[in-house]
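Hi,

Here is the structure I promised to pass on.

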Amino acid sequence: MKRPIKKSTKGCDDPRLDYKDLETLAKYLNPQGEIHARRKTGYCAKCQRQLKQAIKRARHMGLLAFVGQ
Amino acid sequence: MNLYEGMFLLDNNVVREDWTKAKEVATGILEKHGASVTIARRWAERSLAYTIKKVNRGTYMLAYFDADPGSITIIRRDLELNESIMRYLVLKCDAVPEGEQELHDAELSTDFSVPEPPEDHVVDSTGEEDNESNDLDIDVGFDSGLDASPARPKAAAPKAEEKAEDKKEEAPAAEVTESKEETKEAPAAEAAESKEETTEAAASEEA
């Protein structure tokens, strides 16, 4: 039987994600450096897009790694 | 005119010579194309997440400037061509964040001095890098709080116990080998002592 995927209960009321806020962004990356899925972050589609954009900007500037160690 | 935020990754070799000159590399390009720079400050000097242009460290400069939307394309092209600027990011923003003006003013004061950027650390043959502290002191490790689910420690606990048991089993074997070594060493030492005694005795007889 397929187990139902647990959804995170964490809300997303205007997280104001910035590519310079590395401490926050690093929380949404797994050890391989991949961005967490929406079901894990608990973000709505709009906030998830903001998160994706911020992480990709930080990666471009050499602040975050594309792949984990 | 729009307000833009610009982040520039500057080469540490240029920064080491003179910070104001390094800053002017970026601000000069902006002003050349009619932008008015309101804030330009040193954001951080830190090690990069990956090697860029064979360099592992760099200085970040943060700027806020008003520019004509049409000039941004030309500014981008000029930034691309400049070799002192390793990476850049130009974004449109609504307003200058709070506290930026104060930080900018602090940099203009006479007390402000830019610390010498440390030498670029060499990557070992094993791929391990020296983890030098940076200005921000932010741990950009990927072990996030979200990863630490409550199920994991429970699953890990039995394994740890098993390992401990294994170690216990291994421990006597290790002791045996150690004792063997001791026994090997002990006769050798005794033999050496006895040899010394015989040589001393021989010397005394000769005398």
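Which pattern does chain A follow when read along the sequence? The pattern is α-α-α, and the secondary structure of chain A comes to 3 helices and 0 strands. Helices (H or I, at least four residues) and strands (E, at least two) are DSSP runs here, numbered from the N terminus.

Before going further, a word on where this comes from: the model is predicted, so local features need pLDDT of at least 70 and side-chain atom pairs count only at pLDDT 80 or more, while totals for chains, interfaces and linings use all residues. Residues are numbered from 1 along each chain as its sequence is written, and chains are lettered from A and ligands numbered from 1 in the order in which they are written.

Back to chain A. Of its 69 residues, 25% are buried (20 or more other C-beta atoms within 10 Å of a residue's own; exposed is 12 or fewer, partly exposed is in between, and C-beta atoms are placed from the backbone). Among the contacts in chain A with a separation of 6 or more, 67% are between residues 24 or more positions apart (a contact means C-beta atoms, placed from the backbone, within 7 Å).

Chain B has 5 helices and 4 strands, in the order β-α-α-β-β-α-β-α-α. Buried residues make up 18% of its 207 residues. For contacts with a separation of 6 or more, the share from residues 24 or more positions apart is 77% in chain B.

The buried residues of H2(B) include Trp19(B), Ala22(B) and Leu30(B), and what covers them includes strands S1 (2–10) and S2 (36–52) of chain B. After H2(B) comes Gly34(B), with a positive phi near 85°.

Most residues other than glycine have a negative phi. Lys53(B), however, has a positive phi near 50°, and Lys54(B) has one of about 60°.

Cheers

Technical notes. Two residues are in contact if their C-beta atoms, placed from the backbone, lie within 7 Å.
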